[in-house]
Amino acid sequence: MSLGTKVWGAAAATGIGSMPGEDPREAARTVTGTLEAFPFLPELPARGPGADMTGRTVGLLAELYAHVEPSGWRISDRPGRDTRRARSWLSEDLDALEEFTQGDAAGRRALKVSAVGPWTLAATLERRNGEAVLGDAGACRDVTASLAEGLRAHLADVRRRVPGARPVLQLDEPMLTAVLLGRVPTASGYRSHGAVDRAVAEGALREIVGACEADGVPVVVHSCAPRPPFALLRRAGVTGVSFDASLITEGEDEAIGEAVEGGTVLFAGVVPGDGPPEGGLSDPAGSVSGVRSLWRRLGLSPALLTESVVVTPACGMAGASHAYARAALAHCVRAARSLADDPE
């Protein structure tokens, strides 16, 4: 049994991170009430800069600061209004989570928190000259080190606020594949940054994973882009890979099979991130039929299914209605249970 499964248990379901609206209490109430076994700290990007994916992570960085420019987040010499706002909103989110996890079993269950991973951060955070950090190898190393230190402090804060919680860290890496393929455009848009060597990319991820797992925190990498690099992520030591199951092709079967056989947990995004509450959410078993088909193609034992798969939405749900977000999370729980009831 992997470190992750020991933390969140079999037949698990969780969300990705972002939720609709701007009210942290409503989001925390929905998440903790629906995902009793494996809740997550909600993100509310509708609030604006500082609540967005990059800005939220900027607020976590250690001794590295940034501010908002029209083109995006840019490194600064000191913390300014934008960094303070990002930290304030994260604190509000933690306040709400703390409120809705007091006095129940939440302190004895897994709790997932998210941050942008080192390569998507390098692709979306600008240096002072307006070009992405990605174009400077030294800057990439500095950002990775700052992120690792900041995440350890953040996870310690989560443990303090929710005593007994078993944190799980999700690194959001939607741009990782583009980074590896040299498809991240420069500021001018006329050319692209060169492809990052896979050994370098793996090393940065391993640095984050090592810092967190030293504290007993499993790391999951999420990408809703096509062709997540399963083999690289497995070598980097991640506990799980989170992906949009609708984008997976049979050409990736071998890499996925090797990852599972090596102990990697699949966070299978099988529920759309948006839609009407009544549309397509009436058949939990049907939602995970593709997972069962994948398992048969891989020739894996059905007995491993509920330990090796966590059911999730395909991506974040910031653009969904509140009703749909609640329905989708509940549907994930039912779909995970259907895998346990009928793994074949």
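The model is a predicted one, in which local features need pLDDT of at least 70 and side-chain atom pairs count only at pLDDT 80 or more, while totals for chains, interfaces and linings use all residues. Residues are numbered from 1 along each chain as its sequence is written, and side-chain values use heavy atoms, with hydrogens and water left out.

W119 is placed in helix 5, residues 118-124 (helices being DSSP runs of H or I with at least four residues and strands runs of E with at least two, numbered from the N terminus). Not counting residues up to four places away in sequence, W119 touches L134, C140, E173, L176, V179, V196, V200, A201, A204 and L205, where contact means heavy atoms within 4.5 Å. One of these partners, A201, is 82 residues from W119 in sequence, yet the two C-alpha atoms are 7.4 Å apart in space.

Pairs of packed helices were examined next. Two packed helices are described by the angle between their axes and the distance between the axes. The axes are lines fitted to C-alpha atoms, for helices over the stretch in contact, and the angles run from 0 to 180 degrees between N-to-C directions.

For helix 4 and helix 6 (residues 137-161), the axes come within 10 Å and cross at roughly 30°. Helix 4 is therefore roughly parallel to helix 6 (angles under 35 degrees count as roughly parallel, over 145 as roughly antiparallel, 65 to 115 as roughly perpendicular and the rest as oblique). Helix 4 contributes L90, S91, L94, D95 and E98 to the contact, and helix 6 contributes H154, D157, V158 and R161. By class, these residues comprise 3 nonpolar, 2 polar and 4 charged (Ala, Val, Leu, Ile, Met, Phe, Trp, Tyr, Cys and Pro count as nonpolar, Asp, Glu, Lys and Arg as charged, and the others, Gly among them, as polar).

Within this contact, the side chains of D95 and R161 are joined by a polar contact of 2.7 Å. Such a contact is a pair of N or O atoms within 3.5 Å; within protein, one must be able to donate a hydrogen and the other to accept it, and residues adjacent in sequence count only if both atoms are side-chain atoms. D95 belongs to helix 4, which spans residues 81-100, and counts as partly exposed because its relative accessibility is 38%. The C-alpha atom of D95 is separated by 18 Å from that of A46, which is 49 residues away along the chain.

Helix 2 (residues 24-34) and helix 14 (residues 322-341) have axes that come within 10 Å and cross at roughly 20°. These two helices are therefore also roughly parallel to each other, and helix 2 passes helix 14 in a right-handed crossing. The residues E26, T30, V31 and T34 of helix 2 meet H322, R326, L329, A330 and V333 of helix 14. This contact has 4 nonpolar, 3 polar and 2 charged residues. T30, in helix 2, is buried at 10% relative accessibility. Beyond four places in sequence, T30 touches M19, R326 and L329.

A further pair is formed by helix 10 (residues 253-261) and helix 12 (residues 289-298), whose axes come within 10 Å and cross at roughly 85°. Helix 10 and helix 12 are therefore roughly perpendicular to each other. D253, I256, G257 and V260 of helix 10 make the contact with L294, W295, R297 and L298 of helix 12, and the classes are 5 nonpolar, 1 polar and 2 charged.

In helix 13 (residues 305-308) lies T306, which is buried with a relative accessible area of 16%. The contacts of T306, not counting residues up to four places away in sequence, are with A10, A11, L339 and A340.

Positive phi values in residues other than glycine were also recorded. E63 has a phi near 55° and lies in the loop between helix 3 (53-58) and strand 1 (65-69); its relative accessible area of 70% makes E63 exposed. For R227, phi is about 60°. R227 is located in the loop between strand 6 (219-223) and helix 9 (230-236) and counts as exposed at 52% relative accessibility.

Definitions and conventions:
Buried means under 20% relative accessible area, exposed over 50%, partly exposed in between (1.4 Å probe, protein chains only). A crossing is left-handed if the near helix is turned anticlockwise from the far one by less than a right angle, and right-handed if clockwise.
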